[in-house]
Protein chains: 2
Amino acid sequence: MAPRNPLNIGAAARAMRNFGVSRLRLVNPYEVAFREARSAVASGEILQSAEEFPGVAEAVADCSLVVGTTAVGHRDMRHPLRQLESGAGLIRAHLESEPAALLFGSEKFGLSNQDLSHCHWLMRIPLAGPKLSMNLGQAVAVCLYELRRDPQAVRKEPERVGRAAAEDMERITALLLELLRTSGYLNPVTAESGEDKVRRLVRRLDIQARDAPVWLGILRQLAWKISEKRE
Amino acid sequence: MAPRNPLNIGAAARAMRNFGVSRLRLVNPYEVAFREARSAVASGEILQSAEEFPGVAEAVADCSLVVGTTAVGHRDMRHPLRQLESGAGLIRAHLESEPAALLFGSEKFGLSNQDLSHCHWLMRIPLAGPKLSMNLGQAVAVCLYELRRDPQAVRKEPERVGRAAAEDMERITALLLELLRTSGYLNPVTAESGEDKVRRLVRRLDIQARDAPVWLGILRQLAWKISEKRE
């Protein structure tokens, strides 16, 4: 909607590209801003194929769902207002069979009441306070991220990182204890209670399986160095 | 990490403000960029109180969780890599008791392997392709949005908009049928099957309770106008 700043048009296009959305439609953009955005070096396919429309009606003509984005919605609106988290699900479901349009306002004035009258409902990005507003590129990025968001990913853990087996942990503990004794850190008199403390200390390290041999090597090297000195 | 562009520093600060995060720490920023960002008109509290550090170690010294953000992670990393959707939950849980740091790379080079070595794990924003990258402000906005995202909001429907009761729908149907007959749209011979069609047609309109009286008024007015002409 009437974007004035070529950087903002470019930022919106970049956000679209990042999240796999390709059809950018500009309503009544400032000639100069659009031309500049298009001629920018990094301007990609999205900007090259962006279309211009004189009004919202023409821009969304082929869409069976039109959703307006709004900051806080202090306007006297009769539109249902959904928070992004819940609205995105509805848009996703709609997109499975039919095209939908997501409407963003101009940097300065947002969407007018007339623009909003073309919308089936409105969507609000949850911000930290009532007087805040997002810049265009960031708003586009956050909305498209939520649209593409994978709820399953919450359960997907990263490639399993194995923890060192108890056997390795005990080997590391034994080597460390030997080191602490030979270095004089552990007092031979109170050594037994000290041993337990060290064992717990090592267990809390939460060492990965692949790192266990590295630690064993380090400890052996230190033990060797100390014993060499004593001889 | 070594941001070069004052607009990007400002965009990151604005994203932070929008999502209620306040402590911005810059590692080795370009003097001029930082000064310019700070002196920008819209520069708020976050930029004014932003701190500068010579290295990652100093910047994250008081944080017990350090998470690096990365584009795709083609690097040979030994770090666990989590997708934003799942990583954000862990960061949220950590923040309940202790501070955490989210690390963003410079616009040009991202985070170096040395920067990454300060991280407990890495987090990836899911983008549409392997060669894409986000601009700094958008990446900050998307990460902080996900951190503040309210999973409960998915179940929160907008203020219940009541649907018109069957009684009103039938009244509307009756008035419309009368109109269709008097206007000659419905053929009296086939009128009965036509009635059912119109009833189904009206039911599919999904009229809201508060709009039912408006539609009844409109239909009555039309009926009146047509009857007036006939007399």
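Which domains does the domain assignment of chain A give? The assignment, whose bounds come from an automatic or database source, gives domain 1 (6–154) and domain 2 (166–230). The centres of domain 1 of chain A and domain 2 of chain A, taken over C-alpha atoms, are separated by 59 Å. The model is predicted, and local features need pLDDT of at least 70, side-chain atom pairs count only at pLDDT 80 or more, and totals for chains, interfaces and linings use all residues. Residues are numbered from 1 along each chain as its sequence is written, while chains are lettered from A and ligands numbered from 1 in the order in which they are written.

In chain A, an open sheet of 4 strands has the order β4-β6-β3-β5, with parallel pairing. Helices (H or I, at least four residues) and strands (E, at least two) are DSSP runs numbered from the N terminus, and two strands pair if DSSP finds at least two bridges between them. β4 and β5 (100–103) of chain A stand at the edges with a single partner strand each, so one side of each has no neighbour in the sheet. Neighbouring strands of this sheet are turned by 30° against each other on average, direction ignored; axes are lines fitted to C-alpha atoms, for helices over the stretch in contact, and angles run from 0 to 180 degrees between N-to-C directions.

The pairings of chain A can be followed strand by strand. Strand β3 (residues 65–70) and strand β6 (residues 121–124) of chain A pair in the parallel sense over 4 bridges, and A:T70 has A:R124 as its bridge partner in β6(A). Strand β4 (residues 81–83) of chain A is joined to β6(A) by 3 bridges, with A:M123 in β6(A) as the bridge partner of A:R82. β3(A) also pairs with β5(A) in the parallel sense, over 4 bridges; there, A:L65 is partnered by A:A100. Helix α5 (residues 84–95) of chain A packs on the sheet and touches β3, β4, β5 and β6 of chain A, its direction making about 100° with that of β4(A).

In chain B, 4 strands form an open sheet in the order β4-β6-β3-β5, again with parallel pairing. Its edge strands are β4 and β5 (100–103) of chain B, each of which pairs on one side only. β4(B) is joined to β6(B) by 3 bridges; B:L81 stands opposite B:L122, and B:R82 stands opposite B:M123. Between β3(B) and β6(B) there are 4 bridges, and B:V67 stands opposite B:W121 in β6(B). α5(B) lies across β3, β4, β5 and β6 of chain B, running at about 100° to β4(B).

The contact between the chains takes 33 residues from chain B and 33 residues from chain A, two residues being in contact if their C-beta atoms, placed from the backbone, lie within 7 Å. On the side of chain B that touches chain A, the elements that give two or more residues are α1 (6–18), β4 (81–83), α5 (84–95) and α7 (136–148) of chain B. α7(B) gives the most, with 6 residues. The residues of this side divide into 17 nonpolar, 8 polar and 8 charged, where Ala, Val, Leu, Ile, Met, Phe, Trp, Tyr, Cys and Pro count as nonpolar, Asp, Glu, Lys and Arg as charged, and the others, Gly among them, as polar.

Chain B is superposed on chain A by a rotation of 180° with 0.2 Å of shift along its axis (RMSD 0.2 Å). This is the relation of a two-fold axis. The superposition is by least squares on the C-alpha atoms of residues with pLDDT of at least 70 in both copies. Because 100% of the interface residues of chain B are also interface residues in chain A, the copies meet through the same surface.
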